[in-house]
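The sequence and structure come first, and the description follows.

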Amino acid sequence: MAELELSKDERDELARTIQEAVREELDHDIGNMEAGFLLDRLLVPLGHTFYNKGLRDAAAVVSRRADDIADDLYALEKSSVPSR
(Lines give C-alpha, C1' and ligand atoms only; values in the text may rest on other atoms or scores of the structure.)
Protein backbone atom coordinates (compact mmCIF):
# COMPACT_ATOMS: atom_id res chain seq x y z
CA MET A 1 0.00 0.00 0.00
CA ALA A 2 1.25 3.45 -0.84
CA GLU A 3 1.98 5.94 1.91
CA LEU A 4 -1.19 7.56 3.22
CA GLU A 5 -1.11 11.18 2.12
CA LEU A 6 -3.77 13.84 2.34
CA SER A 7 -3.99 17.14 0.52
CA LYS A 8 -3.99 20.32 2.61
CA ASP A 9 -7.71 20.73 1.94
CA GLU A 10 -8.43 17.15 3.03
CA ARG A 11 -6.37 17.60 6.23
CA ASP A 12 -8.10 20.88 7.01
CA GLU A 13 -11.55 19.39 6.50
CA LEU A 14 -10.76 16.35 8.66
CA ALA A 15 -9.27 18.57 11.37
CA ARG A 16 -12.48 20.65 11.39
CA THR A 17 -14.54 17.45 11.62
CA ILE A 18 -12.45 16.30 14.60
CA GLN A 19 -12.85 19.70 16.28
CA GLU A 20 -16.63 19.58 15.79
CA ALA A 21 -16.87 16.00 17.09
CA VAL A 22 -14.85 16.79 20.22
CA ARG A 23 -16.92 19.92 20.83
CA GLU A 24 -20.26 18.13 20.34
CA GLU A 25 -19.46 14.83 22.04
CA LEU A 26 -17.07 15.88 24.80
CA ASP A 27 -18.14 19.50 25.29
CA HIS A 28 -14.51 20.55 24.90
CA ASP A 29 -12.88 22.91 22.42
CA ILE A 30 -9.60 21.94 20.81
CA GLY A 31 -7.53 23.98 18.42
CA ASN A 32 -6.47 23.17 14.90
CA MET A 33 -3.06 21.97 16.13
CA GLU A 34 -4.58 19.49 18.60
CA ALA A 35 -7.01 18.27 15.96
CA GLY A 36 -4.06 17.82 13.58
CA PHE A 37 -2.20 15.77 16.20
CA LEU A 38 -5.26 13.55 16.67
CA LEU A 39 -5.57 13.17 12.92
CA ASP A 40 -1.90 12.19 12.60
CA ARG A 41 -2.25 9.67 15.43
CA LEU A 42 -5.37 8.00 14.00
CA LEU A 43 -4.80 8.32 10.27
CA VAL A 44 -2.65 5.22 9.72
CA PRO A 45 -4.57 2.71 11.87
CA LEU A 46 -7.95 3.93 10.60
CA GLY A 47 -6.69 4.20 7.04
CA HIS A 48 -5.34 0.65 7.09
CA THR A 49 -8.56 -0.67 8.60
CA PHE A 50 -10.75 0.92 5.92
CA TYR A 51 -8.29 0.00 3.16
CA ASN A 52 -8.34 -3.66 4.23
CA LYS A 53 -12.14 -3.62 4.46
CA GLY A 54 -12.29 -2.23 0.92
CA LEU A 55 -9.98 -4.99 -0.31
CA ARG A 56 -12.14 -7.68 1.33
CA ASP A 57 -15.29 -6.17 -0.18
CA ALA A 58 -13.66 -6.01 -3.63
CA ALA A 59 -12.42 -9.61 -3.31
CA ALA A 60 -15.97 -10.75 -2.49
CA VAL A 61 -17.33 -9.01 -5.60
CA VAL A 62 -14.62 -10.53 -7.81
CA SER A 63 -15.25 -13.97 -6.31
CA ARG A 64 -19.00 -13.74 -7.01
CA ARG A 65 -18.32 -12.61 -10.57
CA ALA A 66 -15.83 -15.47 -11.07
CA ASP A 67 -18.48 -17.93 -9.83
CA ASP A 68 -21.00 -16.44 -12.29
CA ILE A 69 -18.51 -16.82 -15.15
CA ALA A 70 -17.77 -20.41 -14.15
CA ASP A 71 -21.51 -21.15 -14.12
CA ASP A 72 -21.90 -19.55 -17.57
CA LEU A 73 -19.00 -21.60 -18.94
CA TYR A 74 -20.43 -24.79 -17.47
CA ALA A 75 -23.75 -24.05 -19.19
CA LEU A 76 -21.91 -23.86 -22.54
CA GLU A 77 -20.34 -27.31 -22.20
CA LYS A 78 -21.40 -29.96 -24.71
CA SER A 79 -22.30 -33.44 -23.66
CA SER A 80 -19.71 -36.08 -24.56
CA VAL A 81 -22.40 -38.77 -24.65
CA PRO A 82 -24.15 -38.95 -28.04
CA SER A 83 -27.88 -38.27 -28.02
CA ARG A 84 -30.13 -41.17 -28.97
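## Terms and model

A residue counts as buried under 20% relative accessible area, as exposed over 50%, and as partly exposed in between. The model described here is predicted.

K8 has a relative accessible area of 60%, so K8 is exposed.

## Salt bridges within helix α1

There are five salt bridges in the structure. One of them joins K8 to D12, with 2.9 Å between the closest N and O atoms. K8 and D12 are both in helix α1, and four residues, about one turn of the helix, separate them. D12 has a relative accessibility of 24% and is therefore partly exposed. K8, in contrast, is exposed.

R16 and E13 form another salt bridge through their side chains, at 2.9 Å from N to O. This pair also belongs to helix α1, with a spacing of three residues, about one turn of the helix. R16 is partly exposed because its relative accessibility is 41%. E13, at 42% relative accessibility, is partly exposed as well.

Which parts of the chain does the salt bridge of D40 and R11 link? The closest N and O atoms of D40 and R11 are 3.0 Å apart.

## A buried glutamine

Helix α1 covers residues 8-26 and includes Q19. Is Q19 buried or exposed? Its relative accessible area is 14%, which is under 20%, so Q19 is buried.

A polar atom in the side chain of Q19 lies 3.5 Å from the backbone oxygen of G31.

## A negative patch

D67, D68, D71 and D72 make up a negative surface patch. One of these residues, D71, is located in helix α2, which spans residues 32-76. D71 has a relative accessible area of 51%; this is over 50%, and D71 is therefore exposed.

The residues of such a patch take part in no salt bridge.

Key. Residues are numbered from 1 along each chain as its sequence is written. This is a predicted model: local features need pLDDT of at least 70, side-chain atom pairs count only at pLDDT 80 or more; totals for chains, interfaces and linings use all residues. Side-chain values use heavy atoms; hydrogens and water are left out. Patches are made of residues with over 30% relative accessible area and no salt bridge: like charges are joined within 9 Å, nonpolar side chains (Val, Leu, Ile, Met, Phe, Trp, Tyr) within 5 Å. Accessible areas come from the Shrake-Rupley method with a 1.4 Å probe; for residues, only the protein chains shown count as cover. A salt bridge is a side-chain nitrogen of Lys or Arg within 4 Å of a carboxyl oxygen of Asp or Glu. Lys and Arg count as positive and Asp and Glu as negative; His and the chain ends are not counted. The place of a charge is taken as NZ of Lys, CZ of Arg, CG of Asp or CD of Glu. Helices (H or I, at least four residues) and strands (E, at least two) are DSSP runs, numbered from the N terminus. Buried means under 20% relative accessible area, exposed over 50%, partly exposed in between (1.4 Å probe, protein chains only). A polar contact is a pair of N or O atoms within 3.5 Å; within protein, one must be able to donate a hydrogen and the other to accept it, and residues adjacent in sequence count only if both atoms are side-chain atoms.
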